[in-house]
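Please look over the model below before reading my notes.

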Amino acid sequence: MRASGLNWQGLMEQLQQALPYSEVSDQSLAYFKYPKRTLSVNLPVRMDDGTVRVFKGYRTVHSAARGPSMGGVRFKADLNAHECEVLAAIMTLKAAVADLPLGGAKGGVDVDPQTLSPHELEGLTRRYTSELVELIGPSEDILAPDVGSDAQTMAWMLDAYGENTGLAAGGMVVGKPLQLGGSYGSKDARGRSAALVTARVLEDRGESLNRARVAVYGFGDVGRKAAQTLAAQGALVVAVSDQDGATFASSGLDLEALSEWREARGTVQGFATDITPDEVVELDVDVLMLAYDYGSVNAGNAHAVRARYVVEATNRAVLPEAERFLVGQGVTILPDLVASIGGLIVNYLEWVQDASNFFWTETEIERAIDLRVDAAVNTVTAFMQTRDVDMRTAAYAIALTRLHGATVMRGIYP
């Protein structure tokens, strides 16, 4: 499972398509075309064998027009500044669609975390945080988990920030363990929202999830929760994939047993009929849930997609050239700006809880996520109907209008 590359030009072309439907001029769009800043840092780390290895790290803040930036930290081989800039821009748009007082950011380190020992990974995490310490914080730039990072990573970042600043600023990272001021729902929110948006779109079109066939490309936290939520509403999850392979059952997979299998063996392979991850994308299903990474559907494999609905449960899962082809074939794309919005929403809720030092129950968090997801879907679908545009164009137009309003009201300094 290897994602195809990102392209800033592709994002700009999609924004240009949405421009006529937004309250934004070409001049105003210029603000969006350039990140606020991109930082590149060298990170020397002493390895377990006593040698010193230098890693390359990045952090992009795309916009702070609507509030402090927030975005993930990915530990991923071949990460570069361009990837961070495109994904930071996506986060800016997503926050605007969700109507959250946040801007977008993204960063990380060019490393395969599987090649590091826990001690080496902790050292790298702490060094990365220390290099950024003057530019991050609950009122400036908030770090979140992403590919290759998790709650433990965020705990190390929180501690490193405190050691460097002397501040107990829990809100400088989100996705933390509950014991350190984290929120319920962090691991499940993105998959939950992807499933809820899928169900809502099908319902609006007079279709039912009952017996609908679903394939999930990427059975991590996001894909697992999306699959479980859809299955609870009657869908048949017939295939899932992970880094090592994929498994298929035409009558539907037992997801509880599958999760236990993967927990014990580290892979979904061998659970039912083994297929390749590429074959998951090509299955004749109603819904293809993309929960791996950007570029899962691209120009190279779009022609093989047979699903009627393709859901971006992760950012930029369908690249623009692939989307043009799929839309021409009558496929409905549920874009990341709407489908995966739950992850950003729960991160925002954690940030608010840390700021107020008042924490909600799991039930309250789930309800708050659902309400905000539903509100975003209502806004986007109403725009689609009044302007006769697809969901991505509607989401982009709404986001651009909201960003334009904030930027104009701020003015230009000096």
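1. **Basis.** This is a predicted model, where local features need pLDDT of at least 70, side-chain atom pairs count only at pLDDT 80 or more, and totals for chains, interfaces and linings use all residues. Residues are numbered from 1 along each chain as its sequence is written, and side-chain values use heavy atoms, with hydrogens and water left out.

2. **Elements and overall size.** The chain holds 14 helices and 12 strands. Both are DSSP runs numbered from the N terminus: helices are H or I with at least four residues, strands are E with at least two. The C-alpha atoms fill a box of roughly 55 × 55 × 40 Å along the principal axes.

3. Of the 414 residues, 57% count as buried. Buried means under 20% relative accessible area, exposed over 50%, and partly exposed in between (1.4 Å probe, protein chains only). Among contacts with a separation of 6 or more, 68% join residues 24 or more positions apart. A contact means heavy atoms within 4.5 Å.

4. **Helix 10.** Which residues of helix 10 are buried? In this helix, residues 320-328, they are P320, A322, E323 and L326. They cover an arc of only 150° around the axis, so they sit on the same side of helix 10. The arc is that of the directions from the helix axis to the C-beta atoms. The face turned away from the buried side carries the exposed residues R324 and G328. The cover over the buried residues includes helix 1, strand 12 (332-334) and helix 14 (391-410). After helix 10 comes G330, with a positive phi near 85°.

5. **Q14.** This residue is found in helix 1 (residues 8-18). Is Q14 buried or exposed? Q14 counts as buried because its relative accessibility is 9%. Leaving aside neighbours within four places in sequence, Q14 is in contact with R316, P320, E323, R392 and Y396. Two of the residues named here, P320 and E323, are among the buried residues of helix 10.

6. **N378.** Helix 13 (residues 362-387) contains N378. N378 is partly exposed, with a relative accessible area of 35%. R200 is 178 residues away along the chain, yet the C-alpha atoms of N378 and R200 are separated by 9.7 Å.
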